[in-house]
Amino acid sequence: MISPAKGLTHLMNILVCLKQILDPELPSRDFRIDAAGRDADRNTAGLVMNIFCANALETALQFREKHGGKITVITFGVPSAEEILRKALALRVDSAVLIRSDLSQRPNPWCIARVLAAAIRKLGDFDLVLTGRESGDWGDGQTGALLAEELGRPCVSLADELKADTVNTALVRIRRQTDQGWEALEASTPLVITVTNNEHNVPRIAKTRDVMQAFRQPLTTWSLAELGVDAQSISEDLACTEVVELAIPIKQTHCEWVTGETLDDRISLLAKRIATVVQSA
Amino acid sequence: MWLAPAAQVENKVIAFRLLPTFYKGSSLTSVVVSCIFGWTGIDRAALGVLGAGQRLSRDLAYKHVGLIVGPASDALIAEATKFSDSIAVADHPLLDSYHSETTLTALTEVCKQLNPKAVLLGNDTYCQELVPRLAHRLGGSAAGDALKLSGRNETVLVTRSVYGGKAQATIKLSRAPAILWVRARAQEPAQQQALTTDLTRLTLTLEPNTKIKLVDRQTEMQGTARLEDARVIVSGGRGLGGSEPFTQLRALAEIMGGQMAASRAACDAGWVPAEWQVGQTGKKVSPQLYLAIAISGASQHIMGIADAKTIAAINLDPDAPIFQHCQFGLVEDYRQVVGPLREKLIELLA
Ligand SMILES: Cc1cc2nc3c(=O)[nH]c(=O)nc-3n(C[C@H](O)[C@H](O)[C@H](O)COP(=O)(O)OP(=O)(O)OC[C@H]3O[C@@H](n4cnc5c(N)ncnc54)[C@H](O)[C@@H]3O)c2cc1C
Ligand SMILES: Nc1ncnc2c1ncn2[C@@H]1O[C@H](COP(=O)(O)O)[C@@H](O)[C@H]1O
């Protein structure tokens, strides 16, 4: 908990939702599909915190530095997901919650949003709930928006800057990206925000001392049963989307190398090739 | 719901029938709705959405409704009548421009009246944020970035890239309505069909949303054309090492009448605006020529240029994955190439 900046009386209570995914930096040639043919083979690369979750966490940390407040992180996942919570603890978030998934299949955003909403109701009131814009694995980009609906709160998507209002403590100022540029918004809390990357929310790196300490910090762990989520609703959520096929696309482009004796020759040839394409455009 | 006044449509007065049965939510005729927004009009993206809607409705043997949300001029309505079996208009003073919560409320109300089995939207950021929330409010299911759509046995199947473009998944949306945003410009544009005479104006009860207030809206477009519609694109990556080299790339782009783009790494570094980003979480472009300079070609970047006609690259590293997607490429330090290349192109394109 960090005390409020001068003039602010209300401390924002912030929740950041984190997801662990297969490292998206894995080169295409090493990517494999698992035996069941419905998901990636998880043994081909390490597991990491989804980059946009890291951007959301960084946004929350900067907000707390400036305006005070409290940050809780949460993930719904298999036991290995504890790693990303420890990472967040090493960045000095205030508390961390792991909801253990005992489902036999990969949860879709509908199921995840339902579970996160149940956890939020149990944890108490948050002024701000932050998620990443989308996951680097299935790239659904739905969980934040669905969570807003589950909670009955407004939602701002693609935020890349978050500030408190200096006068009205229930307001936040958000800059968000659009296709054509950006929008500046004034939004009342409670609110769900999905965060995208920009030059200002590049994730920081934890101090070694904090990394060590993070392993000793307490972690709240809940099962789905402890959360009291309705099993029937969960199975309905899971059934609403079904992967019927997963395939690795084959591509057969042949790159013609631009060659020549001298650099000047090569540039001349490149220019000719480019000019031909441009003139036919 | 009330009937539209007899509007002038292409100088022809169209007589409107009384509420057609399918608007009453009866299951007699199921509908697929393609959503067009008054503030965008019918551009290439909207034609892609309408095209996907035409094909999906044919697949499922449903009726195709073109829905105009927001300001609907007579000209826009006239244009839209060419591409669907019927037109519905949802206009309201509060829909003069986009507001997330208000537009969502309006769409929800409209869909409850039209009772569609599927609703298709485009892939701009506004559409993307509406889709999951609309699906939730209608008790349906959702998917985004649909490359291909098909309908079978009353259900919608969606093909989309996953794992940053390393795989493609086909997903069945079992819970109706299926709400989708499609990669609009990658869809075959809609075909003209017999002019629609069914036009329904839907009434909406909307209240101003005070929770989210728009304070400022800025466009940072490079010119009048969208990057998505550019014929030639010169794109720079992390290998450029800073913002200054982008001015050289711009000079190169200008002589080809092209626009500028960048990899996420270059945008993240703050060298160029985020609007320039091409890829999974950036723009999906389809130029005749995409010239990638000092970009490695990560799968997430390639996702944005899959529809480019010709891809060419300049990169120091012959093993850079970008070359696997190129028609031609030069292995060289860009610093040796960009200046002289521009000189030569000036001559060739003169
Ligand atoms: C969920 C997710 C979404 C993403 N979305 C996107 C997206 O939308 N768009 C996107 O671009 N990326 C995206 N990425 C990031 C992507 O994975 C790559 O990290 C990024 O594209 C790398 O950018 P780059 O090619 O500019 O940099 P690098 O991979 O660092 O490549 C730099 C290249 O420059 C070359 N080079 C260096 N010096 C020179 C020189 N002097 N002359 C010529 N060549 C030189 C090098 O050989 C190298 O190939 C996403 C990642 C994730 C996880
Ligand atoms: N299992 C999960 N646990 C916690 N947060 C999640 C989970 N899955 C998704 N999210 C959040 O939702 C965002 C978007 O995810 P998605 O809808 O899967 O693209 C992520 O960046 C996370 O912030």
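**The interface of chain B and chain A**

User: How many residues of chain B are in contact with chain A in this predicted model?

Analyst: Contact means heavy atoms within 4.5 Å. On the side of chain A, 86 residues take part. Their counterparts in chain B number 88 residues.

User: Which residue of chain A forms a salt bridge with R137(B)?

Analyst: A salt bridge is a side-chain nitrogen of Lys or Arg within 4 Å of a carboxyl oxygen of Asp or Glu. The count between the two chains is ten salt bridges. In one of them, the closest N and O atoms are 2.7 Å apart, and the partner of R137(B) is E149(A).

User: What is the bridge partner of E256(A) in β19(B)?

Analyst: Strands are DSSP runs (E, at least two residues), numbered from the N terminus, and two strands pair if DSSP finds at least two bridges between them. Strand β13 (residues 256–257) of chain A and strand β19 (residues 328–331) of chain B run parallel, joined by two bridges. The partner of E256(A) is F328(B).

Residues are numbered from 1 along each chain as its sequence is written, and chains are lettered from A in the order in which they are written. In this predicted model, local features need pLDDT of at least 70, side-chain atom pairs count only at pLDDT 80 or more, and totals for interfaces use all residues, while side-chain values use heavy atoms, without hydrogens and water.

Key: Helix = DSSP H or I, 4+ residues; strand = E, 2+ residues; numbered from the N terminus.
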